[in-house]
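Q: Hi! Could you walk me through a model I'm looking at?

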Amino acid sequence: MNRRDFIKSVATVGTISALGLGLEQFIPTALGDEKMASPTPYDHDALPVELHIDPKTGKVDLNPDIALKNSVCLGCWSNCGNRVKVDKKTGKILRVLGNPYHPSNAEPHLPYNTPLAESFKSLGQYQDLGITQRATVCQRGNSAYQIVYDPNRILTPLKRAGKRGEGKWKPITWEQAIQETLEGGQLFKEIGEEQVIEGLRQVRDLKTPLNPEEPEWGPKANQFVFIGGRDDGRTEFANRFVTKSFGSPNFYGHGGTCGGSRRIAFLSFLDTWDKKPHMKADYMGSELVMFFGNAPGQAGAPFQPMARKSALAQADNGMKAILIDPILQNGMYTSPESSESSWVPIRPGSDGALAMAMARWAFEQKKINEAFLSAPNKEAAAKRKNPSWTNATYLVIQEPGHPDFGKFLRAEQIGLPIPVAPAAKAAATSANGAPAPAPVPNYVVIDKASGKPTLYNQSEEATLYYSAKLSVGGSDVLVKTSLQLFLEEANRYTFDQYAEATGLSKNKIFALAQEFFRHGTKAATDHHGGVAMHANGFYSSLAVIMLNALVGNINRKGGSTKSGGGYVAIDKGKRYNLLSFPGMAKPQGFKISREGRRYEDTPEFKKKKAAGQNPYPATLPWSPIADSLVGNVIPSMMAGYPYNAKILMMWMTNPFYSTPGLFQKDVENYVKEPKNIPLIISVDVLMGDSSMYADYIIPDTTFYESWGVPTVWNLILTKVNGARRPVVQPLTGKTKDGQPMSFEAYCIEIGKRLNLPGIGEKGILNAQGEPTALNTREDFFLKALANVAFDETPVPSIASEELNLTSLDQELNYTSSSLTPEEWQKVYYVLARGGRFEDYDKCYDGDVLHNKFPKILAIYNEKLGTTRHSFSGEYLPGTACWQPPALADGRTVDEVYPNSQWPFHIISYKPRYRTGSYLSNVSLLRDMAKTNTIEINLADAEKLGIQDGHSVKLITPTGEAIGIAKVRRGVRQGTIAVEYGFGHWAAGAKRYSMGSKNIPADSTLGQGVLLNLITLRDPSLKSPHPLTDLVGGSTDRNTTKARLVKL
Amino acid sequence: MVSNVTYLANVVHPVQLGILISIYFFYTGLSAGSFVLSSLGTVFGIQKYKPIAKAGVIMAVALLAIAPLHLIGDLEQPQRFYTLFFRLNPRSAISYGTFLLTLYPLNSLIYGWFLFRRDFATGAQELTGLRRRLYKFLSFGKTDLSAAALAKDAKIAKFLGTLGVPLALLVHGYTGFILADIQARALWHTGLMPLIFLMSAMVSGTGLLILVLMFSQRFLSPERAITPERKSLLLDIAQLMLWFIVVDATLMIIDFIMLYFANTAGHAAAQLFLYGSHRTMFLGVEAGLGLLLPFIITLLPKTKKSLGWIGFASVLTLIGVIAMRINFVIGGQQLPLSGDTLNPYTADPKHLMMIGIFALLEISILYLTFRFLPVYGLPQEKVQTKLQHPAVFRQ
Amino acid sequence: MTEKKRRWAMVIDLRKCVGCNACTVSCKIENNVPEGVYRTWVKEIEKGDYPQVTRFRLPRLCNHCDNAPCLAACPVQATYRTEDGAILIDYDHCIGCKYCMAACPYDARFINPVRKTAEKCTFCYHRVEEGLLPACVTTCVGGARVFGNINDPESLVAKLVANNPVQVLKPEMNTQPYVFYIGADQNIMGARYDNLEKGE
Ligand SMILES: Nc1nc2c(c(=O)[nH]1)N[C@H]1C(S)=C(S)[C@@H](COP(=O)(O)OP(=O)(O)OC[C@H]3O[C@@H](n4cnc5c(=O)[nH]c(N)nc54)[C@H](O)[C@@H]3O)O[C@H]1N2
Ligand SMILES: Nc1nc2c(c(=O)[nH]1)N[C@H]1C(S)=C(S)[C@@H](COP(=O)(O)OP(=O)(O)OC[C@H]3O[C@@H](n4cnc5c(=O)[nH]c(N)nc54)[C@H](O)[C@@H]3O)O[C@H]1N2
Ligand code: SF4
Ligand code: SF4
Ligand code: SF4
Ligand code: SF4
Ligand code: SF4
Ligand SMILES: [Mo]
């Protein structure tokens, strides 16, 4: 190469580069190793679209490779609808969308008769329908599908191959799992355990008393104890199996650790003990909602509707949100329209004090809704256009020592004449065979006009405050109106005392009361775990509820709503009777949790009484009006009081993790020893923190693989029945007859082998009383759906176009035997829409709710007021009142753990990116939060020299925990908050083996702190026991006192 | 102002352009500085700098040969780097940089070749062995040593050098410019940025030149010695460095005054460097060690005459300018755009390894070029013997 | 008169943002965004002196700026603008130089650790082209996110912008963002330096 060439070549390269100027197509392809096409507008890695909508005409073209299936979410326990996008080729879930028909997904939701094809437009630009008809799922609803594909999902039955909790398992066949758990025997001989274990067959004994000396405790079958989770639309199946087929009363949901005392307080207020109604504020119609520890954007039941409706109400309707919570949670949406929204950092456990103080203020300032409260019956209320009425004016016997103390005065007791009720009318109301309602007792009021005692339904207006002696059966007996009793409770403490209890200034309390009562019936309270999950949770809840009664907002737009509920499903329906069946068992005796029955009825009480002893206190406390006291179950077993268990079965629950104050070394040791609970069976989808201590683990279908007919907890004013169906083929193994291994398959198989009533060929009666089969899970749930489809005016049969769109007939072909062809056509219609939903225009009738709570409201509850405390033997107050959190022996938590030694309160709250102990295996959510923190107020942190990210140690009377500090403004001074849902010791965070397969631990799954390991126990009880609300049954999780140290 | 805001949630945005880019800026700076020094004699005709012209250009080329490796190494898709040539974005400073980065070393190479041609040609004829073959090859057959040819060489060299100076300034100015162009980053977005980069390039270029000269003259030059003339030139260059430092520091002071009184982001940047967590790196290392100390050394009558002190000062300027590059490149991105804490930066170990390898490569190239190219003329004895045969020489 | 060209825009009505992050999660699923990086996220602050404290939220994503510094910075034209104003990245040609990330004043971009290219919100262009809406919009629980053609006066986005005071992030950067906010608190819009000034 000569110089010239050299320069030339340099120049050439230079020119090419200089002139290249992006014109790469002029460059010989040899230079390019990749295609030089124009830029790729589509994301290679994005999902394929589900359909195409012409933005001009709205014409919808489905992607033939994708199926859209309407079903129900269970990312948390809110049971919103969803629309699952499934890849037809792989059968895998690609993404989850909202179901525009379902009121939890959309505001407003689509009219039910909207053709399916139309509903797809809610995804698109056409006429902005994608915005106005937007149907959503929340962060968890979007991502929870990942649990289906957890590589460590349990897909076949497992049997313990080492000590309990040791993490050694071997896979066994379905048949072996059934055989061994059913027949028992020396099940663990191969690992050197000689113990003979009784199986379900031996324990299912409805005759032999479990304690021959005290047979009243019940038969041996009661020693089968079942703990299940929250209602996912399958719970009724479980309940039916345990209580009605097997015959054990020991069926538990997680109520007692969830919001127990709140529910029981509502039962008391609504005086309804057979069903479980409860109320929430109707945000959309409200001017002001006071959220007592139930911030609508944080957790909430149901989360999505709470979050959405509260946001829309604040932004569009100017609803004010007042968050009464030690922590500034999400929920005030800073809309200028609701600029007066505010946060009130209350001292944990003192909501009762605040509510009673507000009530006292309202009584004093005459701000209560007297027109509402003074109507003694429905008709009188209706005349004043009130859609509900109360017993505020009813007289209650308050004479100390009187045999009827705490009972309502009856007309016959004071010789008031009683008109004969027209019998025909009573019969007419109880059509379609439902049991006739019990006759209403003849309550007595003081008629306002006459000033005389009058039968409640013969007065137009009755006296609200009354306290005097009446002649009853010849003697003077003190009687008071319900409202008088409530007033006296409100006046029991001064405002100064209330202020001290709540940590709020008197002026703040007055301002809150003024604000609340200013809005009349357009103000309402809303609460859940924050108020309820204290040892005083019941009375605090009741006090918060009572504020609604004082403004008279029940059944009103913007007031308190019991929700629309659902259509008849797992019940005695138009097509099938899923409530009862021939040979149905009636559980006998007492529940192991010491709930639902009085201590005074127990053999213990009777024995002590007979022996002339003071029967009080009971060995362990009883909670006669509460239910679902799951936190008491293991402590009862440990105390052997009232008895111990032979078989513990867990399903959809993680009680060792989720029960506050329970799982310490003593309990772990107890559970690990097979002598104590001889057989533990867990039905789980993964190796959970509780399941790891089981003897057998039965695989289950996840909610994308299950059936279910859930409704929504509350807040939806119209009727809702979700229809959950398997949107993907279950990944679990198959049983011999081709059923996916699941909880239902297990129960059905056990039932058949034990010949239990209500299961098998004749398991379910149809409406005509003819037996039909319960052989598969579909048999049960499709029949429930048939009930839903036929309730009231039956839904239309599915149009052939919709059948083509959904291919439901092909998809469900394998279950075709479950229903009649006529039923199928309607059930398809329901399934295509993901459930049955009343139309949005049924929310309100003018200014009142369309779906109302139809009964009287109890300012005073007789059942409550006639119940005795099982330790002190004293009557419980029958109205709302302020009681500080206390131990069973009556000492308050602050007395036992004074502030001087325990300056902080710790509380927990629901995780945003997890659900209870669940969803920690969802990587999409872990990507949002890998761990929780120990949240502390700025001022407290400064005092302790703590900064964000510091390692700190929490010390409580029951233990210690180390975590990372997060310094916040929105934490009450003197309070520490720790998000729940972290700090797992299993569920992926612990190694285990399955045969020769080793499943390594992923420590990121266990990060963070679990407060339940260090929350309070009740030291006044003789055996290990969480601190419990003895009235409402809540296991206390938010009263724990603590110290904090910087490490 | 006392803040009444606390962050609850935000996403962390780690610094993207890291140590590799900082070091790349350092290299281009060195190259530009060297080139400018090289051009002082050839282009600007300052006779006393003539002897360093060749050393300067060799450094300029050698440094710029390695510099882009850092850039490519920093790409997430290094195998696609060549598309930079073909998908030019007329609005992107970096796009132009690609061509500057290509043209400048090419130009320097050719310029250098013309500086060296005489020696190559001579050496090709008069030396033996490896060098002969090497020089013969490098002369590309252009062995005309006539006065006319040499004059033409000088002319072309001057032309190319003249072209090269703005190219060098552009190459480095543009690195400053691409930062200055980025409005998003308060620390970078100032008109002074290209000048600051240029001046620190001059400081470090001079520093490295001094060191390389010292080392190569002592060990690799035909004389194997720092002759008195060389020493006086070195001290002279050191005085140049003094002035570069003065200008650089002045620019820096002006820049910080402007930042301090600019918008909140700029103020925060200034705070960060003057009082905050970057204080040590900025005031201590970059300004103190890198500018102030060398300034003192080159100023004090005693030290400014000592080769040892000068060498030390040169080392300090290099450290200071590396610190400067890191402070500005990384520090500039650490200032949050949406957060309330500094954006984190952790050097990728792979990147650190690359830097090490590239540095070794650079040192090797410098060593080999200074060892084998006639930077200081041809080996004395051999040339002298050859000179006795002018016929051969003239051919 | 010819119809004005389509221009995609998003309005985020912060009065309705419940801070749920359904947007964040759905975006990751829809667009297969790997762990640790986010095309959209929700910034949240607490403001005020105890007990007068309030929480503010700010969903963040690429603003699809009209005067996009990232577009100018990209040396290989991998970043480009579509007809309707969306700023996209051609992953086949991105060299991963990261200058766009340095240039974007909004932290909108990141390196996809799997694909090894720059990445950011695409306005879900693959969905939008099919007449659908972006994933985050479709699943926005509070109904805060609204998407559409701002040049169509009948569209909801256009009406929202016309009828409300709207804000954009860092208007002083003159980037002309097409993500508009209603009701944003100034304290959350940009960075905060008060923590930094304390030094170490
Ligand atoms: N400190 C503290 N403690 C609390 C709370 C709190 O806020 N703070 N919250 C309380 C409340 S409100 C509740 S409701 C309880 C919840 O407590 P639990 O009722 O125990 O429910 P989860 O913790 O959600 O556990 C659900 C379990 O079910 C399993 N599971 C999930 N899906 C399936 C399935 O399809 N089939 C089967 N068989 N198993 C499945 C999961 O593996 C998980 O182990 O926790 C309570 N405990
Ligand atoms: N994200 C998410 N959502 C969920 C769930 C979930 O796990 N995650 N779980 C679902 C379930 S099972 C349930 S039961 C519901 C529960 O819904 P919530 O009851 O609303 O949720 P929690 O977090 O248990 O409620 C505790 C709240 O009360 C506050 N608090 C604590 N102590 C007190 C107190 O003494 N007084 C007052 N006023 N407030 C107090 C806490 O700071 C917290 O904000 O949420 C459901 N939704
Ligand atoms: S609120 Fe619960 S049920 Fe509803 S979408 Fe979210 S996770 Fe699913
Ligand atoms: S927000 Fe950033 S990435 Fe998006 S267009 Fe604007 S400058 Fe580019
Ligand atoms: S990282 Fe990719 S998109 Fe960004 S500037 Fe570089 S080439 Fe362009
Ligand atoms: S528009 Fe699409 S890419 Fe952009 S943030 Fe929303 S979901 Fe993510
Ligand atoms: S999905 Fe909507 S409401 Fe939820 S955080 Fe995102 S923008 Fe806010
Ligand atoms: Mo719960």
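Q: Which residues of α7(A) are buried?

A: In this predicted model, the buried residues of α7(A) are A:Thr235, A:Phe237, A:Ala238, A:Asn239, A:Arg240, A:Phe241, A:Val242, A:Thr243, A:Lys244, A:Ser245 and A:Phe246. Buried means under 20% relative accessible area, exposed over 50% and partly exposed in between, with a 1.4 Å probe and protein chains only. Helices are DSSP runs of H or I with at least four residues, numbered from the N terminus.

Q: What does that say about the helix?

A: Helix α7 of chain A, residues 235-246, is largely enclosed by the rest of the structure, because eleven of its twelve residues are buried.

Q: And what follows α7(A)?

A: A:Gly247 does, with a positive phi near 95°.

Q: New topic: where is A:Glu193?

A: A:Glu193 is in the loop between α5 (174-183) and α6 (200-203) of chain A.

Q: Is A:Glu193 buried or exposed, and why?

A: A:Glu193 counts as buried because its relative accessibility is 19%.

Q: What does A:Glu193 touch?

A: Leaving aside residues up to four places away in sequence, A:Glu193 touches A:Arg160, A:Phe188 and A:Pro674. Contact means heavy atoms within 4.5 Å.

Q: What about the confidence for chain B?

A: Its mean pLDDT is 89, and 95% of the residues of chain B reach 70 or more. pLDDT is the predictor's confidence in each residue, from 0 to 100. Over residues 383-395 of chain B, pLDDT stays under 50. Where pLDDT is low, the predicted coordinates should not be read in detail.

How values were computed
Residues numbered from 1 in each chain as written. Chains lettered and ligands numbered in written order. Predicted model: local features only at pLDDT ≥ 70, side-chain atom pairs only at ≥ 80, totals over all residues. Heavy atoms only, no water. Helix = DSSP H or I, 4+ residues; strand = E, 2+ residues; numbered from the N terminus.
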